[in-house]
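Subject: Structure handover

Hello,

Here is the structure I promised to pass on. Please open it first, then read my notes below.

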Amino acid sequence: MSAPDYGHAFGLMRAAAGQPWRDYTRHAFVEGIKDGSLPHDAFLHYLRQDYVFLIHFARAWALAVVKGQTHAEMLAAVGTVNALVAEEMQLHIGVCEAAGISKDALFATPERPENLAYTRFVLETGYSGDLADLLAALAPCVMGYGEIGTRLAAEATSDRYRDWIDTYAGAEYQAACKAAGELMDQALTRRIGADFEASPRWERLCRTFCTATELEVGFWQMGLTP
Ligand SMILES: Cc1ncc(CN)c(N)n1
C-alpha cells in the first residue's frame with residue numbers, strides 16, 4: 001500500500017531520509033504491535049516513556065505557537081498542543097490505568113536517556129531556529145505514527161494492540177497529520193519561498209528531519225528493553 005499524503009515538504013523530506021525512515025516505520029517494535037508478538041511488559045514500558053515524551057513534545061508544539069508569525073500558524077500549533085494533551089495522552093492514561101498504573105505513577109516515570117535525547121533535540125532545534133527548523137524536527141514524530149497507524153490498520157494480524165493502532169489510524173490523528181503537513185508547506189513557503197527545496201537551507205532542514213527519524217528508531221529500540 002502507498003503511504004498517506006501529508007504534504008509536499010514532508011514527502012520530500014521523507015524521501016531524503018531514506019533507510020532511517022524505513023528503519024523507523026518498520027522497526028521490530030512496530031512489527032510486534034502488528035502481529036501481537038510484542039511482550040506486554042515492553043508495551044507498557046514504552047507507553048510510560050511515551051507519556052513522558054508527549055509532555056515534552058507538547059512543550060515543543062507550544063514553542064511552535066511562540067515561533068508562529070501569523071494567526072493561522074498559531075492556531076495550527078495550538079490545535080496540535082490540544083490534540084496531544086487532550087486526546088493522544090488519554091490512550092496512555094487509559095491503557096496504564098487498566099494495567100494498574102495510576103496517573104501519578106505515570107507522570108513520575110523516570111525518563112530514559114533515549115527519550116531525553118529525542119525531546120531535547122527537538123526543543124533545542126526550536127529554541128535556536130525558526131518555525132521551519134522546529135517543524136522539520138517535529139514532523140517525523142507526527143507523520144511517522146500516522147503512516148505506521150495506517151499501515152497497521154490494514155495489515156495487523158492480531159487485535160492485542162488494537163487500541164494503539166486505532167488511535168494512530170483514526171480520523172482525528174490523520175487530520176492532525178494533514179494539518180501539520182499543510183502548516184509545514186505554508187511555514188517553509190513564507191520563510192524560504194515557494195521553491196524551498198532549492199534553497200541553501202533545505203539540506204539542513206532535511207538533516208534535522210533525518211536526525212529526528214534516527215531518534216525515533218532509538219526510541220523503539222529503548223521500548224524493547226524494559
Ligand atoms: C516517540 C513518539 N513518536 C511519535 C509519537 C506520535 N505522536 C509518539 N506518541 N511517540
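Which helices each supply at least two residues of the shell around the ligand? They are α4, α8 (131–155) and α11 (202–223). Helices here are DSSP runs of H or I with at least four residues, and strands are runs of E with at least two, numbered from the N terminus.

Two notes before you go on. This is a predicted model, so local features need pLDDT of at least 70 and side-chain atom pairs count only at pLDDT 80 or more, while totals for chains, interfaces and linings use all residues. Residues are numbered from 1 along each chain as its sequence is written.

**The ligand shell**

The residues around the ligand are D50, F53, L54, E88, C141, V142, Y145, E216 and F219. Each has its C-beta atom, placed from the backbone, within 6 Å of the ligand. By class, 6 are nonpolar, none is polar and 3 are charged. Ala, Val, Leu, Ile, Met, Phe, Trp, Tyr, Cys and Pro count as nonpolar; Asp, Glu, Lys and Arg count as charged; the others, Gly among them, count as polar.

**The whole chain**

The chain has 11 helices and 0 strands. Its radius of gyration is 17 Å, close to the 17 Å from the globule rule for 226 residues, so the chain is as compact as a globular protein of that length. That radius is taken over C-alpha atoms, and the rule is 2.2 Å times the number of residues to the power 0.38. Along its principal axes, the C-alpha trace spans about 50 × 35 × 30 Å.

**The core**

Buried residues make up 40% of the 226. Buried means 20 or more other C-beta atoms within 10 Å of the residue's own; exposed means 12 or fewer; partly exposed is in between; C-beta atoms are placed from the backbone. The largest nonpolar core has 62 residues. Such a core is a set of buried Ala, Val, Leu, Ile, Met, Phe, Trp, Tyr and Cys residues joined through C-beta atoms within 7 Å. L135, L138, A139, V142 and M184 have the most contacts inside this core. Helix α8 gives the largest share, 14 residues. V142 also belongs to the ligand shell.

A62 lies in helix α4 (residues 40–67). It counts as partly exposed because it has 16 C-beta neighbours inside 10 Å. A62 and K34 are 28 residues apart in sequence, and 32 Å apart in space, C-alpha to C-alpha.

Best wishes
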